[in-house]
Amino acid sequence: MTMKNIIFSIGIVMGFSGVVNAQYYYDRTKNPDKVAVQKTSTGRDFDHFFYFSWDLNKPLSNNNFISSSSTTGTKLGFRKRLNDEDKLWVGGDFGWAVYKQYIPTQTYTVGTQSLTTDLYNYTYNYSLVANIDYFFLPMKGLFVPYAGFGIGGSYVKFAQYYNIYGTSGDSWGVMIRPEAGFLLGFKESSPWRIKAAYHYDYASNTNSDFNYKNFMNTGFQVGIVKMAW
Amino acid sequence: MRKYFWIVFLAGVAFLWGCQPKPNASDLLKKMVVTTDYNTTANFSNYNTYWMSLDTVSYFLNTSTNPADTLAIGGEASEVATEVNSKMTAAGYTRVNKNATPDMWVHIYVVENYSISQSYYYNPYGYGYYGGYYGGYYGGGYSSTVSVSDQANLYVFVVDLKHKSSGKAYLWGCNIGDLVSTPDPTSATLLNAIDQAFKQSPYLKK
């Protein structure tokens, strides 16, 4: 075998081997690339939660009847995640608050009649509101701020107590309630959290006997939240 | 979890709906309510004299059937009458004998409304056990509730004796309550209320 033939043979073998190598490298169906799996710790995929709050309220209207802040109030509610975006949550809550004010002894004169007494003015406020909340951060976080809006019904009972006597009236109305606050967990993906929120209430409740028109109120609520899945 | 929430939610709503706290009774009853009214046609400066009993107050109890049992004499009745008399004197009027043709008559009386009611309701469970040889059973029955209501008001009326024939007898009146539930064991609260009645009637003067 001449040197020319030897070089030619080596060239052919190397050429085939190159082809073989090329087939091995590009045939991904037989040897797919390994996909790197990114492992993250997300905890439970919470899709609803319940809460119970203490509610502090201050009336902004009808201050001639009651102007004192109320520390007697609660809210009981729930939220459900609207979709997998983890941002929009919908739900509802039931609110209860009692406002009261003592009016020291005064003489009230109407025509020829005069009446002297001290008064205890009370309103008992109930609301049932449907809510939608937008959470600005993922729910798994420690601190999750949100803004929300509620609309629903409001029932107010007005009462005036003096000695053994009393008068009362009531009114139904429509309530709207913008709200902003946050959920604060004890750790990431915490099943129990603290809820704190500031809310503004407007309700159309009116009662001419008590000269009461359009209930407006600001309030701060703080409570406990139970996340669930 | 959701099922339990709804149970708690509905129970909470039912509880809070009925939760309507009221003021403490001890605070409510510290002072009596004083109401006064007067006849706009009356010119109080035209009257000079009045008559009133100083030791007796008329007393009407709605449950009493004894027509003679309509007077409260001495004690608190006397205190009340004396207080009213002092206020009339301070207003410039002179108390005279009944036979001296007074211009006005001051009548003090108390009306007490006492009621007791009993209502029955059927309790279908466990009111009574009816035994027998082959075993007993619990049967339903009627239960009863009793409610008692008692309140009293003091009225002072000044009646015009100068114009009896015109039919415009009423000059001034006051209504003070409640006498039954006041926590004050003395008559101080009632006497203060009488003072207030005259204080809020500045037109009642000679």
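Predicted model: local features only at pLDDT ≥ 70, side-chain atom pairs only at ≥ 80, totals over all residues.
On the side of chain A that touches chain B, two or more residues each come from β1 (48–59), β2 (72–81), β3 (88–110), β4 (113–135), β5 (143–162), β6 (165–185) and β8 (212–228). Of these, β4(A) provides the largest share, with 11 residues. Sorted by residue class, this side of chain A holds 19 nonpolar, 11 polar and 5 charged residues. The contact as a whole draws 35 residues from chain A and 34 residues from chain B. Interface size is often expressed as the accessible area lost when the parts come together. For chain A and chain B the buried area is about 3200 Å², and carbon and sulfur atoms account for 65% of it.

β4(A) runs antiparallel to β1 of chain B (residues 33–38), and 3 bridges join the two strands. A handy place to look is Ser114(A), which stands opposite Thr36(B) in β1(B).

Turning to chain B itself, its fold comprises 4 helices and 8 strands, arranged from the N terminus as α-α-β-β-β-β-α-β-β-β-β-α. Of the 206 residues in chain B, 35% are buried. Among the contacts in chain B with a separation of 6 or more, 73% link residues 24 or more positions apart.

Conventions: Residues numbered from 1 in each chain as written. Chains lettered and ligands numbered in written order. Heavy atoms only, no water. Contact = heavy atoms within 4.5 Å. Buried area = accessible area lost by both parts, 1.4 Å probe. Nonpolar A, V, L, I, M, F, W, Y, C, P; charged D, E, K, R; others polar. Pairing = 2+ DSSP bridges. Buried < 20%, exposed > 50% of the residue type's maximum accessible area, 1.4 Å probe, protein only.
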